[in-house]
Amino acid sequence: MKLLIPEKPVGIIGYGAYIPRYRIPASEISRIWHGDSDGMPIKEKSVPGLDEDTITMSIEAARNAINRAQIDPKELRAVWIGSESHPYAVKPSGTVVAEAIGASESISAADFEFACKAGTEAVIAGMGFVGSGMGDYVLAVGMDTAQGRPGDVLEYTAAAGGAAVIIGPASNALAVIDAAYSFVTDTPDFWRRQTQKYPEHGQRFTGEPAYFHHLESSIETFFAETGTAAKDYRFAVFHQPNAKFPQKLGKEFGFTKEQFQTGLLSPMIGNTYSGAVLLGLSAILDIAEPGDKIFAAAFGSGAGSDTFSFTVTDQIRLRRSLAPSTQAYINRRTEIDYAVYARHRGKYVMN
Amino acid sequence: MEAPRHWRLKKQRYSLTGEVCPHCSAKIFPPRDVCPECGQEAKTAFQFSGKGEVFSYTTINDAPSGYQEQAPYAVALVKLNEGPIVTAQLTDLGAEPVRIGMPVEMVTRRIKDDGNERGVILYGYKFRPVIAGPR
């Protein structure tokens, strides 16, 4: 069997979103570099504040997840942060996040990196940790303040945000994790070398050989091994580097707009990289009902894909109102122009 | 170098952890081990909710060393729901004007770094307008 299913059933005990309040329209980026605004990949993207980074954003999402989980943070046994924009090259983001949320010192803390699927990678590790009985609760975060080279096509979409989930025993879950699957190859579609500020991408690898091949492969295997199909799920969320790719992918597998539009946030906030699928999942959990099945498929450049199936439980009704909804963060919006954006993203040389 | 001092104070700075007086129940921030209300020993840790309101404020245009990159910014006296008044930066104001009585909540943010991208990053509490909308 290729599926990842732990010995002891596990699920999501709590979840929490975070999106910074600033937005830059794609048309404003185009105004600077191209002079027209036809064929924008998204409407606008989220931009972090001057005092925000992956650590501060993870802290807020984690606090929201703990509020919904209704557990003492000292019960956490691991704090894992998935990101491609950790503030330090060496010093785990998880150390600061764990201290800030009041976790105990008896924890495992590490940073995960797998381009855009670092967050779901931490979720899979958390399934193993809890499912093997090594600990009751694991905090897994997918969060990014993604960088795009000025003028590059990725600058339109490289956004900031993400979500945290607490993995724990299925008996206490608001959504049980039915199964997961992970598919990985060596594909050079997108990378950033050590000490480099901006990532590079191999133009011809981005679409078919990377995003579509890996997601299609993992979804096909997941469906075959679980004996499920698109019609068995009420909601679906896919990695969303733009607005087009996830919709094309969803339609290929027979998913309808009604199934994937709730989790499709990239048109409003851009590509939140490691945060994207977990944030889409958070938006779905905000409105899901007990018994609903949710399908999630992440993609990370390099490249690989993680797929999951969740079943929502009665607990969702009691817990979702214990923290701000994903939509509340989307609605909190201040538009900025390219000059302010450049300041927020550290593009001015000050010394 | 502020790192050692910041490291000692990280609990209060990251998460607004103060103290509660076991004698008169006063909530204390910053923690000082002696109750400012009744003068007796008070070492019991207390986790503040982080909710409060703006008591007074000003705007810093000419920021001190290490803070220039965030100027101009608002600094407020925030009256916490539990009683104490703390001095802190306000953040995430967007286009919202600050007003006395504005409900705010604590967030953990970057306070400063040394600007050359080599030193340790200092994180700590700030306050922002309470997020509106469904919970």
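Me: How far apart do the centres of the positive and negative side chains of chain A lie?
Reply: This is a predicted model, where local features need pLDDT of at least 70, side-chain atom pairs count only at pLDDT 80 or more, totals for chains, interfaces and linings use all residues, and side-chain values use heavy atoms, with hydrogens and water left out. Residues are numbered from 1 along each chain as its sequence is written, while chains are lettered from A and ligands numbered from 1 in the order in which they are written. Lys and Arg count as positive and Asp and Glu as negative, with His and the chain ends not counted, and each charge is placed at NZ of Lys, CZ of Arg, CG of Asp or CD of Glu. Chain A has 33 positive and 39 negative side chains, and the centres of the two sets are separated by 3 Å.

Me: How many helices and strands are there in chain A?
Reply: Helices (H or I, at least four residues) and strands (E, at least two) are DSSP runs, numbered from the N terminus. In chain A the count comes to 12 helices and 14 strands.

Me: What is the radius of gyration of chain A?
Reply: It's taken over C-alpha atoms, and the globule rule is 2.2 Å times the number of residues to the power 0.38. For 351 residues that rule gives 20 Å, and chain A comes close to it, so it is as compact as a globular protein of that length, with a radius of gyration of 19 Å.

Me: What percentage of the residues in chain A is buried?
Reply: Buried means under 20% relative accessible area, exposed over 50%, and partly exposed in between (1.4 Å probe, protein chains only). Out of 351 residues in chain A, the buried share is 64%.

Me: How many residues of helix α9 of chain A are buried?
Reply: This helix covers residues 276-285 and is mostly covered. Among its buried residues are A:Val277, A:Leu281 and A:Ile284. The count for α9 of chain A is 10 of 10.

Me: Which residues does A:Pro41 touch, leaving out those up to four places away in sequence?
Reply: A:Pro41 sits in the loop between α1 (26-33) and β3 (44-47) of chain A, and it's partly exposed at 27% relative accessibility. Its C-alpha atom is 7.3 Å from that of A:Tyr156, 115 residues away along the chain. With contact meaning heavy atoms within 4.5 Å, A:Pro41 touches A:Tyr156, A:Thr157, A:Asn242 and A:Ala243.

Me: Which residue of chain B is joined to B:Phe29 by a cis peptide bond?
Reply: Most peptide bonds are trans. In this cis bond omega is near -5°, and the second residue is found in the loop between β2 (27-28) and β3 (44-47) of chain B. That residue is B:Pro30.

Me: What is the phi of A:Lys91?
Reply: Most residues other than glycine have a negative phi. A:Lys91 lies in the loop between β4 (76-82) and α3 (93-101) of chain A, and is partly exposed with a relative accessible area of 35%. Although A:Lys91 is not a glycine, its phi is positive, at about 145°.

Me: And what is the phi of B:Asp33?
Reply: B:Asp33 is in the loop between β2 and β3 of chain B, partly exposed at 34% relative accessibility. This residue is other than glycine, and its phi is positive, near 70°.
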